[in-house]
Amino acid sequence: MPTNNIPFLRMFLIFLGLLWFDSFTGLEAATGKLASVPGLYVFGDSLVDAGNNNYLAISISKANYPHNGVDFPNKKATGRFCNGKNAADAIAEKFELPLPPPYLSLKGPFKEEKKKSAAMTGVNFASGGAGIFNSSDHKLGQAIPLSHQVNHWLSIHQELTSQLGPAEAQNHLSKSLFAVVIGSNDLFDYFGSLKLRQETNPQQYTQSMADELKKQLKRIHDTGARRFLLIGVAEIGCIPGKRAKNSTVHECDEEANTWCSLYNEALVKMLQQLKQEMQSSMTYSYFDNFKSLHDIISNPARYGFTDVTSACCGNGKLNADIPCLPIARYCSDRTKYLFWDRYGHPTEAAARTLVDLMLSDDSQYSSPLTLAQLISS
């Protein structure tokens, strides 16, 4: 072999070696880089709503006004219940994906190309006020319940299949991430309804929540979804609005927290059962939002926060007497606050902290896999 070909051959072999190395599952463990995700599809409530409620005709459950979005690019109030980006956005950025647009922003004339593009990289179906059940918010036209969000997903699934063909669409979906963040509003409905509490006890109600969620997860799975991120309900008894009702020391509402724990326990058991039923065709990561929030509240300095009881945006006791309306005042340093408003929506800083915990190797918050392990599985 002529000697002047040796450097070329060496470089070619190195190139092949890099391709071979890159093909290993779990490359991110060796390089610090996360495995790739082709698409992110988000279902849930106001914790991850990107602006779907903006398009509901009569809903007042919207956040498309100041001071929401004060830290979003161009200080735009997009409909996110946050000062900036929410947890769904933070997850998309971690995987170098575009922010999933609200599904309802893709409907209508002249939206075809935008819909085609979003179908490939991710769509956000979440709705502020939404529940697992078709709650009172839905009946009053305030929100899009989970079953309707799944109906919207079926439209996007049809778009994907049309673009890619059935086989390639299945391959795309098997590698994509389906995030579900819902349940708090169903519990708020239970707290506020004497009729519901007379008809069913907390154990029965939270079990029925898990059972209904299971039906909707099956519907999504049946379309080809394989990787699910389920986020449990947080300590909603510790949100500023609940604390402010305690006129003395502003402690958490422990009864509300107990009901949250009951639901999370039912959710964990349901996911274990669902995985057994689906056998090897489903993997998931359950993130314990209850424990993570508890730990942040117990040791705020460790996570970079100085105020974990008050709302950043509001007025009155704990800044929680009113919602984050244009007439409200808001804190100067949003990075130091856990809660954005009286309803307990996280600030952007808090949302990013929670997503970092989802991706952390520390499995105390995630089971049976962390988010990073789920994506590389």
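## Contacts and overall architecture

Of the contacts in the chain between residues at least 6 apart in sequence, 70% join residues at least 24 apart. The structure is a predicted model. Its chain holds 15 helices and 10 strands.

Burial and surface can be described for the chain as a whole. Of the 377 residues, 54% count as buried. The chain exposes about 17,200 Å², and carbon and sulfur atoms supply 55% of that area.

## Burial of strand 3

Strand 3 spans residues 177-181 and is mostly covered: 5 of its 5 residues are buried. In a regular strand, side chains alternate between the two faces of the sheet. In strand 3, both faces are covered. One side carries Leu177, Ala179 and Val181, the other carries Phe178 and Val180, and all of these residues are buried.

## Pairing of strand 3

Strand 3 is joined to strand 1, which comprises residues 40-44, by 5 bridges. Strands 1 and 3 run parallel. Within this pairing, Phe178 of strand 3 is the bridge partner of Tyr41; Phe178 is also among the buried residues of strand 3.

A further set of 5 bridges links strand 3 to strand 4, formed by residues 227-231. Strands 3 and 4 likewise run parallel. Here Leu177 stands opposite Arg227 of strand 4, and Leu177 lies on the side of strand 3 that also carries Ala179 and Val181.

Terms used
Residues are numbered from 1 along each chain as its sequence is written. This is a predicted model: local features need pLDDT of at least 70, side-chain atom pairs count only at pLDDT 80 or more; totals for chains, interfaces and linings use all residues. Side-chain values use heavy atoms; hydrogens and water are left out. Helices (H or I, at least four residues) and strands (E, at least two) are DSSP runs, numbered from the N terminus. Buried means under 20% relative accessible area, exposed over 50%, partly exposed in between (1.4 Å probe, protein chains only). Contact means heavy atoms within 4.5 Å. Accessible areas come from the Shrake-Rupley method with a 1.4 Å probe; for residues, only the protein chains shown count as cover. Two strands pair if DSSP finds at least two bridges between them.
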